Amino acid sequence: MGRQITISCFRFNPNIPGDKPRMQDYKLEEYEGMTLFIALNDIREKLDPTLIFDFVCRAAICGSCAMLINGRPRLACKTMTRNLPSHFTVMPLPVFKLIGDLSVDTGKWFRDLQMRTEAWIHTTKKFDFNALEVRMDNKIAEEIYEPERCVECGCCVACCITANIRDDFMGATGINRVCRFIIDPRDERSDAEYFEVVGDEGGTFGCVGLMACDDMCPMELPLQENLAFVRRKMAGAGLKLTFPGVKL
Ligand code: SF4
Ligand code: FES
């Protein structure tokens with residue numbers, strides 16, 4: 001027989017008039033290979049069909065199931081219950097708009113971020129449908145692939161002190177996005193143009209350096225390194241814009 005576990009879930013549905021935020025305990029028996037995602041599914045199927053939470057892939061690919069698990073932002077489908085105490089809490093990610101219970105709207109946040117960082121290749125070259133694909137150097141392709149592994153789960157944003165107090169801060173994931181385009185040789189934007197996007201306190205200079213994002217990213221992206229890279233570039237661009245002709 002497996003261990004008895006108690007999951008204290010945050011409950012609040014803003015769409016139900018008069019509903020109040022509260023914690024609700026669910027008791028269930030743990031079994032081999034149980035992830036938090038499986039446990040929440042069991043609760044919904046056997047104990048309480050009203051519990052709201054998100055998932056799509058169940059394999060740490062889509063980023064939908066991020067939540068605060070015992071106070072730390074993590075993916076429910078990548079968290080084994082056996083690695084948690086027998087009584088633990090689950091809450092929705094802060095910063096994002098609450099949909100209900102454990103579900104938040106990360107989609108709108110990330111869509112706005114894509115627009116704000118202009119997350120597409122900027123080039124003056126005309127697209128030629130008949131041309132052969134141009135080969136990219138393997139090393140550069142691998143460097144671009146690294147920040148591309150972001151699954152847009154929002155864990156880095158939820159644990160970020162700046163994102164929790166400033167609505168306009170794009171968070172580590174936004175800076176990671178900009179980093180991806182800076183290293184892509186197909187993007188023709190200058191550092192001065194990137195400075196317009198990320199060179200202020202809503203971007204790379206808003207980070208206070210606590211680096212919880214780097215600790216919490218479930219994909220183990222090198223967020224600290226990427227931030228330092230973008231910040232160095234933007235500091236140089238800022239100096240050149242302020243003191244034209246300065247040699248760096
Ligand atoms: Fe999630 Fe990591 Fe992407 Fe942040 S950088 S959204 S923690 S995968
Ligand atoms: Fe897709 Fe967890 S369900 S990351």
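1. Let me start with the ligand: sorted by class, the shell around ligand 1 holds 10 nonpolar, 4 polar and 1 charged residues. Here Ala, Val, Leu, Ile, Met, Phe, Trp, Tyr, Cys and Pro count as nonpolar, Asp, Glu, Lys and Arg as charged, and the others, Gly among them, as polar.

2. Before going on, please keep in mind that this is a predicted model, in which local features need pLDDT of at least 70 and side-chain atom pairs count only at pLDDT 80 or more, while totals for chains, interfaces and linings use all residues. Residues are numbered from 1 along each chain as its sequence is written, and chains are lettered from A and ligands numbered from 1 in the order in which they are written.

3. Back to the shell: 15 residues surround ligand 1, and the closest are Cys150, Cys153, Cys155, Cys156 and Cys217. A residue is near the ligand if its C-beta atom, placed from the backbone, lies within 6 Å of it. Helix H4 (155-158) and helix H6 (171-182) each give at least two residues to this shell, with H6 making the largest contribution, 3 residues. Helices (H or I, at least four residues) and strands (E, at least two) are DSSP runs, numbered from the N terminus.

4. On the overall layout, the chain has 9 helices and 7 strands, and its C-alpha atoms fill a box of roughly 70 × 40 × 35 Å along the principal axes. Of its 248 residues, 31% are buried, meaning that 20 or more other C-beta atoms lie within 10 Å of the residue's own, with exposed standing for 12 or fewer and partly exposed for values in between; C-beta atoms are placed from the backbone.

5. The domain assignment, which is automatic or from a database, gives domain 1 (4-104) and domain 2 (117-242). Their C-alpha centres lie 31 Å apart. In all, 14 residues of domain 1 are in contact with 12 residues of domain 2, contact being C-beta atoms, placed from the backbone, within 7 Å. On the domain 1 side, strand S4 (residues 72-75) supplies the largest share, 4 residues, and the residues of that side comprise 10 nonpolar, 1 polar and 3 charged.

6. Helix H2 (residues 106-116) deserves a look too: its buried residues are Thr106, Trp109 and Phe110. Seen down the axis of H2, these fall within an arc of 90° and so line one face of the helix; the arc is that of the directions from the helix axis to the C-beta atoms. Strand S7 (103-105) is included in what covers them. Exposed Lys108, Arg111, Asp112 and Met115 sit on the face turned away.

Key. Two residues are in contact if their C-beta atoms, placed from the backbone, lie within 7 Å.
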